[in-house]
Structures are given as structure tokens and as C-alpha cells.
Amino acid sequence: MPEKKSKTTKFDVNKSFTELESITEWFESGNMDLDEGLKKYERAMELSEKLRERLEQAENKITEIQKKHNQSID
Amino acid sequence: MNSVANAKNVAKNKVVSRSLIKDLFYFNNFNIYFLGISILATFHLYSIDMTIFTVSDFLAHINDTLSRAWNVSELCVEGEVSDFRVSQGQWVNFSLKDDNGLVPIFMTVWNLRVPIEDGMRVQVYGMPRIYPKFGKFSLSAERVELVGEGALKKALAALKLKLEKEGLFDPARKRQLVTIPNRIALIASRESAAYGDFVRIINERWRGLEIDLYHVKVQGAGAAEDIVKAIKQANQNHKDYDALVLTRGGGSLEELMSFNDEQVVRAIFASKIPTLVGIGHERDISLAEEAADVRGSTPTDCARRLVPDRQDFLRNLSYQSSAIEKNINNLIESWQRSLGQAIQAPSNWLAQQKQFLLHSTSKLDANMAQWFKALHEKHRSLVRLLASLDPKGVLARGYTMLCDARGRALTSISSLAIGSTVTAVMRDGEGDLLVKQIRTDDLSEQQKLL
């Protein structure tokens, strides 16, 4: 499945944001595991940087899809 | 039949069929009408260029002639619906009439895209045809459209009720859109203001969204089919899309009818991609919007609902980052505290032990001192006692002690022997005495000391 491959390599904004939110929640739950906390912190900083980058650099892209005329779609 | 004669026949039949059609609208009873045709045919038997048809050929000829009379796209008959009925769930029959005439209409349920009932005014598009088996004339309809706002509204209300009963607008079935879409399918007309507005607001608010535009007709004949096709096509790649947006600007009820089309509404309902539908308009909500997961009031509103505002998002992002940073710092600090406490604990214990020891020692010291004092006291009194027992003290008081030659104190008379020498110890010296006589207390004869 080529589309799946592209999905894993592609940066998914929504998933990243959801993950960031869950890390914020993890910290707010008063968890005391330092090792895990440091890992999560690192991940959070990475995610937030990527999200920021995405917002600052990317443009919205519009592609017009050609309709399939001679094919019945069900 | 040679080709010239054939052409002639066609020409002649065309004339006949024209008057035939004309007559059709004046006669309700087609059997009478066909009787007229046959009389005409009999009359022609005796004239030149006579053609004798079999019934089937004749009907085929008439149908052929009828089909040549108009272009499919040209013919539309407007009238009032009566005697509407559906048979076997797939065939629709009704009559279209006006004050002076009546045309039977035949069509499939699939082609009937608007709910109609007796008394409605409709326009019927199709071709006239005689059904050979029964010789029954009808207008075979491809499409029926409602005439007038009243009829449209009535039909719309009926369709809405029907779809509502089926659960197409059920709020419990509505899905949420993702917070931030990566890629969406946009179904709109690329020339429309709605499209322009939508894209403008997206560009104002967000970056990095991939929009696949499925350009469609949004009004007029074929618009509904176009939209259904686009929805289905987008759904073939439903995994690629986070949302399906269908939007157009406002318009009259008639212009917006493709958004009330049953097939469009069903396609939206069936979409695997969460749907966002927004039609700019003033009054009623279209059925397409009712069936959508999320409804935008206008194309602009759709864009706002689809993506967050960049500034808000960045603020939120930095809030979250700093909250996490603060949290990790707190966590580290608290661990440092715990660690400090952990290190502190043994030394605290040691100090405590020292303190205890000190306390114990000082108590011991005090006890010892006291004990010593007591001992000392006892010693002193013993010394006093001993002093009082010192024989020298006795000698001082004038007593004399007798000792033997080895210096042992003699306490009994029995240790004396006549003629032996004893030493008398006195306060200030001693002298040797010779025992001359002994007297024992219980004897009559006692020696005397010299």
C-alpha cells in the first residue's frame, strides 16, 4: 500500500498536536516518573518545533482533481 | 420498399404523426384515436403509395416518427399531477393534465428525484412513446421538476420528513472534524465566489493544508449528479482525507435544489469522510447541511470551522510548550529535593545518634559523680569507724595490750604460760613481762602477773 508508506513518513499535524496535548495532560496529572518525564519533554519540544515550522513555512496547496468520466463510481 | 418510397413514407408519416400528436392532446380515449388512424389507413388503401403495415411495424414506425419529432432535450410538458401511483416499487405512473387534456406519464422510480403528489404542478422532460403490447400512449419521462416555490417547498418538506425518519439527520450519528486537517476534499465550483471566499479564509488562517478541489456544477440540470459523483469519487480515497467540504454561495430555493436532492443527501450521509457542508443563504437549511456532520452557515464559516486560527494555534502551542517546560522543571526540582532528602537522612540519623550518645554520656557522668560522692561519703564514715576501732586509741585511754613474741595480740589467759615472756604494748612504748602466776576466772588457783 503506497499511501500507507507516505503516511508514516509524512508529518501529520493533527496527530502531532493531539500527542502534544496528551503530553501536557501527562504532566498535569502529577506523574513523578523522571525518566519518562524527560523523554516526554524532549518529544514535546520536538513536536512543538515541528508544528511551528509547519505553520511558518508551508503554504496551503490546492490541487484540482479530474473527474472520472467514463467510470461508474459506487 | 425502395429508398425513395421509404423517404416519402417517412415524410408522409411525419405529417400524419404531427397531427396525431396534436390530436393526442384533445382525446382521452386512445383507442378511439387509433380507430381513426386505421380508418385513415383504409382510406389510403385506395390511393397511390399505399403502405400496409403489420401492427408491430406500424407501432415501431410511429415510435420512430415520434422520436424524430423532437430532440430529447427539447421536449417538456407542464401540467398538474393526478392519479399518481408507484407499482412494484419501481414504476411510476401518473397523469399530467390541464383543463382540456391529459397525458399519461410513465417513468422509473430512480428518475423521479422529487417527491410528487396529486395536484402538484410539474414539468416533465421525456419522449412520447406507444407501448406496443397494449398500444398505450404515454410520455416516457426522464426527469420531473417541480414548478413554483410552493410546490418546491412542499416537496422539500415531504423529502425532509422521509429522510428524517430514516435517520439521515440523526445528531447521534454526527462525527467531529479533526482539530487540524492535513488534507481535505473540497467540492465546489471553481468559478464560484464561495470557492474564493473559502480559500481566502483558509489562507488567512492556516498553512500547510492540502486541498483537493473537485470542481462541480452547483446548480441547474446535472448539478446533483455531478455532486454525487464527486462525493463518491472522493470517498474512494477516503483514507487520504480528514474532511469533505461541500460549499456554495446563497441563492433562491430553486437554485439550491441540488443541495436538497435526495441522492446528494444520501451520498453525504454515506460519506466515510467526515462532512462539512455550508451553503450561504438566508432562510432554510438545505437537506445536505442537515445530513452533514458539521454545518457551516456560509463558505467563510466553513473555512473557520475547518482550520484553527494560526495565531491562536501558535499561542496555544507556546502555552503548552512553556507549561511542559515548567512541569519538567518542577519535576526535576522535586527530584532534586527528594535526592537531597535522601542524602540528608543518614547524616541526620548520625547526628541524632550522636545527640543520644551525648545525652546518655552526660547522664552517665552525672550518675558516676553522684556514685563517687556516695562512695566517698561511705569511705569517710568507714574511716571514722575504723579510727574509732584503732587499738592505739584504746591504749591512749590507758589500756595495755599484751602480745606474744611474734607480735600477736593475746586475748585469752590460756595463751599464757608461767615463766613465759609477753610484751606489754602501752600508749608510748612497750616492755617485756615475765608471767609468774596464772589465774583463770573459773579456777580457784590463779597465777599472778608480776
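A: Let us begin with what a contact is: two residues are in contact if their C-beta atoms, placed from the backbone, lie within 7 Å. Please keep in mind that this is a predicted model.

Q: Which residues of helix 5 of chain B meet helix 9 of chain B?
A: From helix 5 of chain B, the residues are B:A194, B:D197, B:F198, B:I201, B:I202 and B:R205. Their counterparts in helix 9 of chain B are B:P299, B:T300, B:C302, B:A303 and B:R304. By class, the residues of this contact comprise seven nonpolar, one polar and three charged.

Q: How are the axes of helix 5 of chain B and helix 9 of chain B placed?
A: Angles under 35 degrees count as roughly parallel. Here helix 5 (residues 193-205) and helix 9 (residues 299-306), both of chain B, have axes that come within 8 Å and cross at roughly 30 degrees. The two helices are therefore roughly parallel to each other. The crossing of helix 5 of chain B past helix 9 of chain B is right-handed.

Q: How many bridges join strand 1 of chain B to strand 2 of chain B?
A: Strands pair if DSSP finds at least two bridges between them. Strand 1 (residues 76-87) and strand 2 (residues 91-98) of chain B run antiparallel and are joined by six bridges. Within this pairing, B:E80 has B:K97 as its bridge partner. The two strands form a hairpin with three residues between them, and B:Q88 in the turn has a positive phi of about 55 degrees.

Q: What stands opposite B:K97 in strand 3 of chain B?
A: That residue is B:L102. Strand 2 of chain B and strand 3 (residues 101-108) of chain B run antiparallel, with eight bridges joining them. These strands also form a hairpin, with two residues between them.

Q: How many residues does each chain give to the contact between chain A and chain B?
A: The size of an interface is often given as the accessible area lost when the parts come together. Counted by residues, the contact takes 39 from chain B and 33 from chain A. On the side of chain B that touches chain A, helix 5, strand 7 (210-215), helix 6 (223-236) and helix 10 (310-389) each give two or more residues. Helix 10 of chain B gives the most, with twelve residues. That side of chain B has 19 nonpolar, ten polar and ten charged residues.

Q: In which sense do strand 1 of chain A and strand 7 of chain B pair, parallel or antiparallel?
A: Strand 1 (residues 61-65) of chain A pairs with strand 7 of chain B in the parallel sense, over five bridges. In this pairing, A:I62 stands opposite B:I211.

Definitions and conventions
Residues are numbered from 1 along each chain as its sequence is written. Chains are lettered from A and ligands numbered from 1 in the order in which they are written. This is a predicted model: local features need pLDDT of at least 70, side-chain atom pairs count only at pLDDT 80 or more; totals for chains, interfaces and linings use all residues. Axes are lines fitted to C-alpha atoms, for helices over the stretch in contact, and angles run from 0 to 180 degrees between N-to-C directions. Helices (H or I, at least four residues) and strands (E, at least two) are DSSP runs, numbered from the N terminus. Angles under 35 degrees count as roughly parallel, over 145 as roughly antiparallel, 65 to 115 as roughly perpendicular and the rest as oblique. A crossing is left-handed if the near helix is turned anticlockwise from the far one by less than a right angle, and right-handed if clockwise. Ala, Val, Leu, Ile, Met, Phe, Trp, Tyr, Cys and Pro count as nonpolar, Asp, Glu, Lys and Arg as charged, and the others, Gly among them, as polar.
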